[in-house]
Amino acid sequence: MINGIMNIYKEAGYTSHDVVAKLRGIVKQKKIGHTGTLDPDAVGVLPVCFGSATKLCDLMTDKSKEYEAVLRLGITTDTQDLSGTIQTESAVTVGEADIERAMMHFVGGYEQIPPMYSALKVNGKKLYELARAGKEVERQPRHVDIAYLRIVEMNVPEVRFVVGCSKGTYIRSLCADIGERLGCGAAMAQLKRTRVGNFRIEDALTLSQVEELMQQGAYQKYVVAPDSVFMEYKAAVVKSASEGALLNGNKLYPHQLDVDSPELLKDGEMLRVYNGNQMFKAVYIFVKKEGVLKPFKMFL
């Protein structure tokens with residue numbers, strides 16, 4: 001069984017769920033999960049978790065992301081991209097300097113209203129299901145952080161740009177918001193996800209490449225160990241007398257671990273915990289008032 005993460009290149013025409021389904025057939029393993037939905041027309045980085053690493057799926061969705069996108073000015077659609085039904089068309093009379101100013105206005109973060117065509121749920125119903133039924137419901141704005149935005153090419157009415165952003169950012173909505181600020185409307189024409197956390201597009205594998213690697217038995221070097229996601233945390237090795245407590249997911253005391261400067265542990269600090277054979281087993285969190293470490297994620 002594979003236990004780890006593979007950096008998959010999602011091709012156009014597949015949903016993220018399709019990618020997982022195809023990988024189950026390729027690697028002959030059921031326990032697989034993806035780390036963040038990409039629209040069917042979008043392409044790019046989709047980290048996929050296998051085996052015990054599926055416990056990372058929710059944590060991976062929290063990672064920062066980078067996209068390369070193209071926005072089309074002068075048009076709005078019901079889906080905020082070109083796959084939808086056109087709602088308005090307008091002449092684009094703004095200049096390049098105006099476009100750049102409008103786009104840079106969003107750097108640093110803003111309150112973004114999620115699109116109706118999204119997988120978010122309202123009262124137990126996915127928004128896109130309501131949208132397909134012709135219903136529109138009020139959505140609460142959510143704060144999103146735009147770390148940077150770089151214009152790559154401006155060929156009005158289209159603008160190609162790169163954006164780094166926080167979790168929960170909809171690039172379709174960002175395009176629509178830019179168009180609204182300019183007064184001519186805009187929709188997303190293309191989307192490529194180029195990075196999720198430390199997973200980059202230049203290292204991503206297509207499904208056909210994964211299939212070939214499996215046939216050759218050469219896939220293992222492309223599987224990233226689960227602890228790689230937690231490298232910003234201090235490492236600790238459980239002492240032999242306490243391995244049973246670790247394997248049972250029990251709380252641990254600092255004296256049960258070989259860790260640098262245990263007296264300096266801070267409240268809420270996370271540790272990567274390994275067994276005596278240097279095998280990654282868990283992430284623990286230190287609760288200072290109790291003087292103990294409690295399991296946060298187990299990878300047994």
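In what order do the five strands of the open sheet stand? What we are looking at is a predicted model, in which local features need pLDDT of at least 70 and side-chain atom pairs count only at pLDDT 80 or more, while totals for chains, interfaces and linings use all residues. Residues are numbered from 1 along each chain as its sequence is written, and side-chain values use heavy atoms, with hydrogens and water left out.

Let me start with the overall picture. The secondary structure of the chain comes to seven helices and 19 strands, where helices (H or I, at least four residues) and strands (E, at least two) are DSSP runs numbered from the N terminus. The C-alpha atoms fill a box of roughly 75 × 50 × 40 Å, taken along the principal axes. Of the 300 residues, 47% count as buried; buried means under 20% relative accessible area, exposed means over 50%, and partly exposed lies in between, with a 1.4 Å probe and protein chains only. Contact here means heavy atoms within 4.5 Å, and among contacts between residues at least 6 apart in sequence, 65% join residues at least 24 apart.

Now to the opening question. The order of the open sheet is S16-S15-S17-S18-S19, and its pairing is mixed. Strand S16 (257–258) and strand S19 (292–298) stand at the edges with a single partner strand each, so one side of each has no neighbour in the sheet. Two strands are said to pair if DSSP finds at least two bridges between them. Strand S17 (residues 270–274) and strand S18 (residues 280–287) are joined by five bridges in the antiparallel sense, and Met270 stands opposite Ile285 in S18. As a general point, strands of a sheet pair through backbone hydrogen bonds, either parallel or antiparallel.

Next, please look at strand S4 (65–73). Seven of the nine residues of S4 are buried, so this strand is largely enclosed by the rest of the structure. S4 pairs with S12 in the antiparallel sense over eight bridges, with Val70 opposite Arg160 in S12. S4 also runs antiparallel to S13, to which nine bridges join it, and in S13 the bridge partner of Glu66 is Arg195.

Which residues of helix H3 (residues 96–104) are buried? They are Ile99, Ala102 and Met103. Seen down the axis of H3, these buried residues fall within an arc of 95°, so they line one face of the helix; the arc is that of the directions from the helix axis to the C-beta atoms. They pack against S4, strand S11 (146–155), strand S12 (158–165) and helix H5 (171–182).

Just after H6, Gly217 takes a positive phi of about 70°.

Let me turn to the cysteines. A search of the whole structure finds zero disulfides, a disulfide being a pair of cysteine sulfur atoms within 2.5 Å. Cys175 is in no disulfide, and the nearest cysteine sulfur, that of Cys165, is 11 Å away; Cys175 is also buried, with a relative accessible area of 0%. The sulfur of Cys184 is 12 Å from the closest cysteine sulfur, in Cys175, which is too far for a bond, and Cys184, at 6% relative accessibility, counts as buried.

For contrast, here is a residue on the outside. Glu89, found in strand S6 (residues 86–89), is exposed, with a relative accessible area of 62%. Glu89 touches Gly74 and Ile75, not counting residues up to four places away in sequence. The C-alpha atoms of Glu89 and Gly74 are separated by 5.5 Å, although these residues are 15 residues apart along the chain.

That is the tour, and I am happy to go back to any of these places on the screen.
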